Amino acid sequence: MTTMESLIGLVNRIQRACTVLGDYGGGDNAFSSLWEALPSVAVVGGQSSGKSSVLESIVGRDFLPRGSGIVTRRPLVLQLHKTDQSSQEYAEFLHLPKRRFTDFAMVRKEIQDETDRITGKTKQISPVPIHLSIYSPNVVNLTLIDLPGLTKVAVEGQPEGIVQDIETMVRTYVEKPNCVILAISPANQDIATSDAIKLAREVDPSGDRTFGVLTKLDLMDKGTNALDVLEGRSYRLQHPWVGIVNRSQADINKNVDMIVARRKEREYFATSPDYSHLASKMGSEYLAKLLSQHLESVIRARIPSITSLINKSIDELESEMDYLGRPIALDAGAQLYTILELCRAFDRIFKEHLDGGRPGGDRIYGVFDNQLPAALRKLPFDRHLSLQNVRRVVSEADGYQPHLIAPEQGYRRLIEGALNYFRGPAEASVDAVHFVLKELVRKSVGETQELKRFPTLQAEIAAAANEALERFRDESKKTVVRLVDMESSYLTVDFFRRLPQEVDKAGNPAATATASNTDRYGEGHFRRIGSNVSSYVGMVSETLKNTIPKAVVYCQVKEAKQSLLNHFYTLLGKKEAKQLSQLLDEDPALMERRQQCAKRLELYKAARDEIDSVSWAR
């Protein structure tokens with residue numbers, strides 16, 4: 001194979017691979033720019049200008065749908081791959097990747113059916129391309145794009161905007177700087193009215209990308225010819241005009257072989273009194289070689305930019321592969337190691353949330369600094385220590401024997417009753433911290449990029465972590481309730497020792513005793529009791545406001561930092577190879593994404609190597 005064929009064949013293979021891997025079409029795809037950087041040939045012309053016949057002449061096969069009006073209703077991306085002379089010709093569609101067509105009549109039918117699948121059996125058009133590859137020893141390496149024919153009016157069954165829709169669709173292809181425009185014009189019409197030339201002049205005013213093709217030379221009126229156009233006098237292009245003689249309708253009806261049609265075309269130019277001096281530069285075979293030579297020069301000029309783009313794509317793909325993770329080993333030991341590494345990655349992120357490296361841990365401090373004090377302030381001590389309730393509790397505590405000096409049992413019952421209220425805020429603090437820790441587990445699982453590959457392991461780690469948090473919460477509740485119970489079980493002695501000194505110190509002992517006896521069941525007496533109990537409860541409240549957070553942090557936060565997955569690690573050590581594999585059951589979408597990424601990476605590396613080898617061969 002010549003260097004030229006190698007270059008264009010390489011471009012064809014890259015374009016084909018880009019198409020298969022979903023990189024065709026631009027838009028949001030990160031790698032579509034490679035397709036855009038590679039040259040292709042767009043076939044442009046008015047309806048019934050002979051576009052299909054030109055394509056079939058280049059391919060050497062009768063494979064395109066025919067008929068009156070608009071026949072091409074979707075773009076056809078046609079990639080020609082030259083094979084060895086002994087190889088059998090066949091065609092493949094992108095939408096039917098495992099099926100080879102050797103009967104080109106079936107290719108025509110499939111194009112029609114695939115068109116109808118999108119547009120329906122109407123005269124509507126669609127910008128969604130059909131991708132067809134033809135492998136044959138009778139073609140040159142080329143990528144050709146057959147586009148719907150330009151038209152000036154909508155016919156019956158077509159929407160009014162179809163004229164503009166077709167032009168817009170064609171422009172999206174021919175405006176690209178790497179697109180070679182094959183402008184098809186019939187010779188039996190004035191070139192000044194050519195839709196293809198008009199559009200080409202607008203998007204390629206210098207004519208550097210435009211190749212003019214004149215069809216239907218054999219259908220011109222007798223005594224006329226197209227030499228003014230073919231020799232560049234009527235309308236000059238940077239590249240020479242090429243004349244084509246397509247098969248007649250009679251030949252098409254008789255299914256005349258394209259090889260025979262090519263021979264007839266050569267004979268026409270060789271024997272024509274008007275065109276014989278141009279015979280060597282006319283015909284579909286010459287057109288295919290001319291396009292191939294032009295593409296070679298374009299590709300050679302753009303090799304550095306293509307190589308740079310491929311290298312950039314390789315770097316991006318390598319980064320994405322690192323992000324997605326490499327394939328998992330089948331060995332049980334390696335799988336266990338991988339799982340432990342993933343658990344450590346999760347645990348590291350969870351600790352960063354608690355320690356302040358990531359947001360969220362500050363909410364635990366908010367529980368202690370805001371929620372707990374607010375809950376303590378809202379406790380119903382005013383109701384519990386109301387005059388009526390104090391009188392009732394103290395009186396009930398005395399029983400039939402009135403208290404002699406101070407109502408100790410009444411004090412105890414009032415204090416114990418008040419301290420019981422602390423259970424609610426204490427347990428609520430535990431639950432609030434538990435909720436924060438659970439939320440941090442959820443966030444940490446989601447933020448562990450390595451875990452996204454394995455939804456099953458994600459769920460298992462989350463479940464194990466939450467189960468551990470439940471155990472820590474239960475232990476924490478027991479501890480804070482114990483703190484409250486400890487305050488109830490032992491009242492500070494100094495508090496009771498100060499009580500006798502709170503009577504009226506202004507009088508003598510006898511007067512004090514008399515006053516005490518008379519006031520024993522007075523309102524002032526019960527108010528003092530309530531005030532004393534409130535003072536003691538306030539002292540305990542300040543103590544618990546400090547000790548409850550300590551207990552919660554020790555039992556929940558510290559344990560979560562140190563041993564959140566310890567039980568899970570123990571269970572992992574007991575699992576068999578099959579169970580470990582199930583934990584590493586990847587998300588199918590990520591597996592597909594990695595496979596696609598690996599295919600792209602392989603494609604681009606192979607393309608880089610081939611381009612390097614072709615470049616050295618120059």
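This note sets out points on the sheet and selected helices of a predicted model.

1. Basis. The model is predicted: local features need pLDDT of at least 70, side-chain atom pairs count only at pLDDT 80 or more, and totals for chains, interfaces and linings use all residues. Residues are numbered from 1 along each chain as its sequence is written, and side-chain values use heavy atoms, with hydrogens and water left out.

2. Nine strands form an open, mixed sheet in the order 4-3-5-2-6-1-7-8-9; strands are DSSP E runs of at least two residues, helices H or I runs of at least four, both numbered from the N terminus, and two strands pair if DSSP finds at least two bridges between them. Strand 4 (96-101) and strand 9 (242-243) are the edges, each pairing on one side only.

3. Strands 2 and 6. Strand 2 (residues 76-82) and strand 6 (residues 142-146) run antiparallel and are joined by five bridges. Leu-78 stands opposite Leu-144 in strand 6.

4. Ser-57. This residue belongs to helix 3 (residues 51-59). Ser-57 is buried, at 7% relative accessible area (buried means under 20%, with a 1.4 Å probe and protein chains only). Beyond its neighbours within four places in sequence, Ser-57 is in contact (heavy atoms within 4.5 Å) with Asn-246, Met-258, Arg-262 and Ser-284.

5. Helix 11. Gly-356, with a positive phi near 105 degrees, follows helix 11.

Note on methods: Buried < 20%, exposed > 50% of the residue type's maximum accessible area, 1.4 Å probe, protein only.
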